[in-house]
Amino acid sequence: MGNPGVAYENTRHNAGFILVDALAERWSFPKFRRPWRWRARVAEGTVHGEKVVLVRPQTYMNRSGAALSPLLTQTGFDPVRDLLIVVDEVALPLGTARIRPRGSAGGHNGLKSIAGRLQSEEYPRLRIGVGPRPQDIDQAEFVLGEFAADERSTLDATIPHTVEIVESWMTDGIETAMNRFNRKGTERD
């Protein structure tokens, strides 16, 4: 999840888009495009013999659930098995990530939108740490703020590890990915 547009490219709220772009590059997917029925930009390809659709909602964070509509109409699509939401998390330190099979929105409006569209909180999510938020800064201001150069370097150094989490989820399942990567605050190996 993230916010569309150049003004948001390097913001904490776009940590999810940053990872999705890295996945598209790693898997040599074609450029993101905007199919007519999607409220998102998508890149599609095959990874480990499975069809994969990377989705960058174009609805802004708080309405991210609207971008799921085309997926929900596909026969056999199961959000518990087939969907991984990638989202920024102020409660996790920068340079960490956690994968979970379900959970509450925890005050994150983008996750509230996803849960509302799915009518369930039963979907996997990968939370990318962008915190901690300084106490004297409003949360919205913080997540919409740009990464400082050293923060962006830390995030960029975390991306290969976070890509491993996604690939483990895809090939080994959520339990294995959690057991392998959710230890000791999920610092990089």
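The structure is a predicted model in which local features need pLDDT of at least 70 and side-chain atom pairs count only at pLDDT 80 or more, whereas totals for chains, interfaces and linings use all residues. Residues are numbered from 1 along each chain as its sequence is written, and side-chain values use heavy atoms, with hydrogens and water left out.

The average pLDDT (the predictor's confidence in each residue, from 0 to 100) is 94 for the chain, and 97% of the residues score at least 70. Helices (H or I, at least four residues) and strands (E, at least two) are DSSP runs numbered from the N terminus. Over residues 185–189 pLDDT stays under 50, and the model has 15 contacts for this stretch beyond four places in sequence; a contact means heavy atoms within 4.5 Å. Where pLDDT is low, the predicted coordinates should not be read in detail.

Strand E5 (residues 125–131) contains Arg127. Beyond residues up to four places away in sequence, Arg127 touches Val87, Glu89, Leu92, Thr96, Ala97 and Arg98. The C-alpha atoms of Arg127 and Val90 are 9.3 Å apart, although 37 residues separate the two in sequence.

Two loops hold backbone features of note. In the loop between E5 and helix H5 (139–143) lies Pro132, and the peptide bond from Gly131 to Pro132 is cis, with omega near 5 degrees. Ser28 is placed in the loop between H1 and strand E1 (40–47); the phi of Ser28, a residue other than glycine, is positive, near 55 degrees. Most residues other than glycine have a negative phi, and most peptide bonds are trans.

Arg63 occupies the loop between strand E2 (50–57) and H2.
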